[in-house]
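Let's take a walk through this protein together. Have a look at the picture and keep an eye on the charged side chains.

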Amino acid sequence: YDEGTTAVRIWKKWDRPAYFESVGATATFTLMRSTDGKNWELAKDADGKLVEAPTSTEIATDPKSSWSSIIPSLPLYDENGQTYTYQVVETMSANSGYAVTPAAEQTVAAGGTVTFTNTKEQNASLTIVKKAYDVNGGELTGKDAPTFTFVVKRGGKIAQDNITVKAGEPKTVDGLVPGEY
């Protein structure tokens with residue numbers, strides 16, 4: 001590259017347990033640029049053409065596959081001599097079941113590499129058991145047991161709400177992403 005251009009490398013890792021079938025998930029990357037870190041625009045190459053978005057597709061036969069792409073000939077500076085910072089934005093195909101880490105947007109310095117790892121989410125469940133007692137300390141069960149309504153939150157956001165549980169009767173909540181609730 002000449003002194004006025006650089007490149008950005010995108011490294012993509014797919015990670016799923018071997019017992020999960022491939023869903024043919026696709027990740028598309030968009031390259032953005034900014035001189036102030038606030039106002040982002042679609043990146044253009046040194047000839048002023050919009051940079052094509054590279055795409056990575058999960059490899060069905062390899063649960064730990066990886067892919068990379070180098071986007072060359074990116075200008076280091078704008079027409080006023082301000083240094084560009086580049087940002088790579090990943091968009092996953094709908095209903096892929098993959099979590100993107102560390103984030104779907106990553107800022108990269110000129111000549112740098114960004115790495116995205118997509119990990120297959122597994123369904124998780126939790127069981128709620130609520131007990132209720134009368135004023136004498138006796139457990140309320142059967143027809144005397146009251147009913148409670150719960151909300152399950154993860155990271156301050158509602159994962160499931162309006163979960164009705166009768167005291168003394170376990171209630172399993174399915175379809176959760178693994179994690180702390």
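How many salt bridges does this predicted model hold? Counting every side-chain nitrogen of Lys or Arg within 4 Å of a carboxyl oxygen of Asp or Glu, you end up with three salt bridges.

Let's start with the pair E90 and K12. Their closest N and O atoms sit 2.6 Å apart, and the two residues form a salt bridge. Now find them along the chain: E90 belongs to strand β6 (residues 85–92), while K12 belongs to strand β1 (residues 5–15), so this pair ties together parts that are 78 residues apart in sequence. Is E90 buried or exposed? It's buried, because its relative accessible area is 6%, and buried means under 20%. K12 is buried too, because its relative accessibility is 0%.

Next up is R33 with E41. Their side chains meet in a salt bridge of 2.7 Å, N to O. R33 is buried, with a relative accessible area of 8%. E41, on the other hand, is partly exposed at 36%, since that value falls between the 20% limit for buried and the 50% limit for exposed.

The remaining salt bridge joins the side chains of K143 and D144, at 3.9 Å from N to O. Here K143 is exposed, because its relative accessible area is 78% and anything over 50% counts as exposed.

Now back to E90, which has another partner. The side chains of E90 and N118 are joined by a polar contact of 3.2 Å. You'll find N118 in strand β9 (residues 113–120). N118 counts as buried, because its relative accessibility is 0%. What does N118 touch, apart from its neighbours within four places in sequence? Its contacts are K12, K13, W14, D15, E90, M92, Y98, A99 and V100.

Time to zoom out to the whole chain. Of the contacts with a separation of 6 or more, 62% are between residues 24 or more positions apart.

And what about the surface? Of the 181 residues in the protein, 30% are buried. The protein exposes about 10,900 Å², and carbon and sulfur atoms supply 46% of that area.

Terms used:
Residues are numbered from 1 along each chain as its sequence is written. This is a predicted model: local features need pLDDT of at least 70, side-chain atom pairs count only at pLDDT 80 or more; totals for chains, interfaces and linings use all residues. Side-chain values use heavy atoms; hydrogens and water are left out. Helices (H or I, at least four residues) and strands (E, at least two) are DSSP runs, numbered from the N terminus. Buried means under 20% relative accessible area, exposed over 50%, partly exposed in between (1.4 Å probe, protein chains only). A polar contact is a pair of N or O atoms within 3.5 Å; within protein, one must be able to donate a hydrogen and the other to accept it, and residues adjacent in sequence count only if both atoms are side-chain atoms. Contact means heavy atoms within 4.5 Å. Accessible areas come from the Shrake-Rupley method with a 1.4 Å probe; for residues, only the protein chains shown count as cover.
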